[in-house]
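Please consider the structure shown below.

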Amino acid sequence: MTVIQEATTHPKDTLLRVDRFPHIWCPTCGIGTAVSCFIDAIRATGIDEKQFAVVSGIGCTGRVAGYIRLDSFHTTHGRAIPFAVGLHLAKPDMKVIVFSGDGDISCIGGNHLIHTARRNMDITVICVNNFIYGMTGGQLAPTTPQTARTTTSPYGNFEYPMSLPHVVSACGATYVSRWTVLHIKRLTRAMKDAILHRGFSFVEVIAPCSTLCARKNRLGTGTNMLSYYHDHCEINHEANLADVGLDYQGKIVCGNFLTIEKPTFRDLLEENREEV
Amino acid sequence: MEEKAAVLTGKHFWSGDIAVAEGGIAAGCRFFAGYPITPATEVAERMSERLPALENGVFIQMEDEIASMNALLGASWGGMKAMTSTSGPGFSLMMENLGLGIMLETPCVIANVQRGGPSTGLPTLVGQQDMMQARWGSHGDYEIIALCPNSPQECFDLTIQAFNFSEMYRVPVLLMTDEVVGHMYEKVIVPLEEDIELVTRPRPKPGANGYLPYAIDEESYIPPMGLAGEGFRLHVTGLTHDERGYPAVNAETQGIMVPRLVEKIKRNAPKIYMYEEDRMDDAEVVVLSFGCASRIAKWATFQLRERGRKVGFFRLITAWPFPEPRVRQIAEQVKGIVVVETNLGQMVREVERVVAGRCQVKLAPNAGGRVHETEEVTSLVEEILR
Ligand SMILES: Cc1ncc(C[n+]2csc(CCOP(=O)(O)OP(=O)(O)O)c2C)c(N)n1
């Protein structure tokens, strides 16, 4: 007879700070899936775990740094990228990954995002986009689609939302992809490619926030959100990035949009040093 | 570029700003992230010339001062000695993340070449109006170290000292210079490399098992710093954290951690205090000053001595922590203290607090944009002596 035993560990535990569990994320939140894919991606690179550093800003996604068992830095709201830039320049052999929310990266930290992309700084930015400010209780984000309701757009958002892949590619990012947390395999693969990519790589992860975003807009549960992704995602690696903006309940264009080879900031710095 | 050596031993004719950059390099700084602002720009310009010629040297002009400050913190956790320079408006932008540096106990140096404010104020003209911002500008309770050079030579020497303090106590250290000192050219003597004493941060023993990044060492209160990439699996957070570095957002941990951050500076304050004194023995009045204002203040005491007045000169080199014990002693010995500073009264509050009525305290105010006239100082001294 088979005896079913309760497992006390999980294969991913070695890369998680399980001693900090339970984590703070709500049931059906998409961040956990993104973290799970991230761990698989790190393993798939085959790089020594010592060589990784995760830097976060503030927000629900910002808490990722605290749950990953790698060198991890939980910094201030919007400022993970410049911290990561300093760390990367001091330790060019390390893989420095910024893991943060959409508001964190694109709003308060928007200036750092565009200029770090422009410099083709060799870091990876993983942005979990849940279209809302999670941690502070569901306020308007630069990514909130028009008409969506948030606690600070009670009559519906009338601002134009920001399309992150379009912005970063226009600024000079050399790897850009977008997947939802339903695309586990593809998302993992994209994270791995982004980490291995030499230059500024950006992965947007579309994730449900059912507690705030879905509830405010009467979009159902986490499961409803996932089936929405299933029905409305369109994979198009060749998509024109000017056309991948996301609107309220419209289609979500996913794909590995961009991979280009271009000298990084560090490459140019070293080249310049030779001349000096 | 004239030289590819890190320490330019010899005699130079440098501005204060250049001397700050050279002091940083001599202290082992190889990472500079900054954003241009008058009158601090020459520090960045010098760094942009010098660092690329040095092994592993990195200069980066960031998108703003907020980014610069955070880049320093990242570089420091990567093991580099890192610095930036700025002036009033940029200093304000750094405040949130100065606090992060304090919370993460990250060594780094910020040089603030002060100009007149508020706001854009006097970009090209002097002020010493950020002294309280240096002490209290970031949110939360903390203690900080701030040094005030009054000559290019001191800009060089004190930048090295700032790095040493910062490494020793794991705290961002502020170099509070000003436009006059930053732009003044004087002789600067750079010693032999082997004569420059350098301190590096306390480090965990290699392979240390069960390393606790924020362990409380009852003796020093300064935990050894493991760096990124060394296999410690550090977690470093701006949230209130326990000895493991894990967030512990509660009154109990706050009650242990914040007092430790404060205590590590307070306990060591006697080793941090630096000041210059002149003719204090028989002084009935003391002129207390720092930075550019101290040059006029000292001249005023010379003039008063020539007139036979018993006046002493006291210069703060360490502004924070404020050399409380010495100022209290002085207050017991004299009739009055005249504080000379290029603002409408900042450090004078600290003097008054410490003096606590033991003697008179008078301020020679100056809204900025100029240095004091000697008479502004002498007249106040005469008033006390009258
Ligand atoms: C300077 C500053 N302003 C505001 C806040 C408050 N704050 C904390 S999290 C957050 C929004 C985070 O939103 P997002 O990046 O979308 O992350 P999520 O929580 O949705 O993962 C804000 C505004 C802060 N911590 N610091």
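A salt bridge is counted where a side-chain nitrogen of Lys or Arg lies within 4 Å of a carboxyl oxygen of Asp or Glu. The model under discussion is predicted, and over all of its chains it holds 34 salt bridges. Side chains of opposite charge can pair when their charged atoms come close. One such pair is formed by B:Arg244 and A:Asp19, whose side chains meet at 3.8 Å, N to O.

Because residues from chains A and B surround the ligand, the site is shared between chains. There are 17 residues around the ligand, and those that come nearest are A:Cys60, A:Thr61, A:Asp104, A:Gly134 and A:Met135. By class, the shell consists of six nonpolar, eight polar and three charged residues. Its main contributor is helix α4 (residues 102-108) of chain A, which gives four residues, the most to the shell.

A polar side-chain atom of A:Asp102 lies 3.3 Å from a ligand oxygen. A:Asn130 places a polar side-chain atom 3.0 Å from an oxygen atom of the ligand. Taken alone, the ligand exposes 600 Å², and 76% of that is buried by the protein.

Attention may now pass to the empty space in the protein. Rolling a probe the size of a water molecule over the atoms shows where empty space is left. How many cavities of 30 Å³ or more does a search of the whole structure find? The search finds one, and the space within this largest cavity comes to about 210 Å³. Of its 16 lining residues, the closest to the centre are A:Phe131, A:Pro145, A:Leu219, A:Tyr228 and A:Gln249. Helix α9 (residues 222-232) of chain A supplies the largest share of the lining, three residues. The lining as a whole divides into eleven nonpolar, three polar and two charged residues.

The largest pocket contains about 390 Å³ of space. It is lined by 21 residues, and those nearest its centre are B:Gly99, B:Leu100, B:Met103, B:His139 and B:Gly238. Two or more residues of this lining come from each of α4 (88-104) and α8 (251-266) of chain B. Of the elements involved, α4(B) gives the largest share, with five residues. The lining of the largest pocket comprises eight nonpolar, eleven polar and two charged residues.

Most residues other than glycine have a negative phi, and most peptide bonds are trans. Against this background, a cis peptide bond joins B:Gly117 and B:Pro118, with omega about 0°. B:Pro118 is located in the loop between β5 (108-116) and β6 (122-126) of chain B. Another cis peptide bond links B:Trp320 to B:Pro321, with omega about -5°. B:Pro321 sits in the loop between β14 (318-320) and α11 (324-333) of chain B. Where does B:Glu105 lie in chain B? B:Glu105 is part of the loop between α4 and β5, and its phi is near 55°, a positive value in a residue other than glycine.

How values were computed: Residues numbered from 1 in each chain as written. Chains lettered and ligands numbered in written order. Predicted model: local features only at pLDDT ≥ 70, side-chain atom pairs only at ≥ 80, totals over all residues. Heavy atoms only, no water. Near = heavy atom within 4 Å. Polar contact = N/O pair within 3.5 Å; in protein donor to acceptor, adjacent residues only side chain to side chain. Areas by Shrake-Rupley, 256 points an atom, 1.4 Å probe, with all protein chains shown as cover. Nonpolar A, V, L, I, M, F, W, Y, C, P; charged D, E, K, R; others polar. 1 Å grid on protein atoms, 1.4 Å probe; cavity = no way out; pocket = protein on both sides within 12 Å on 5 of 7 lines; lining within 4 Å. Points joined across faces, edges and corners; volume = space filled by probe spheres on them.
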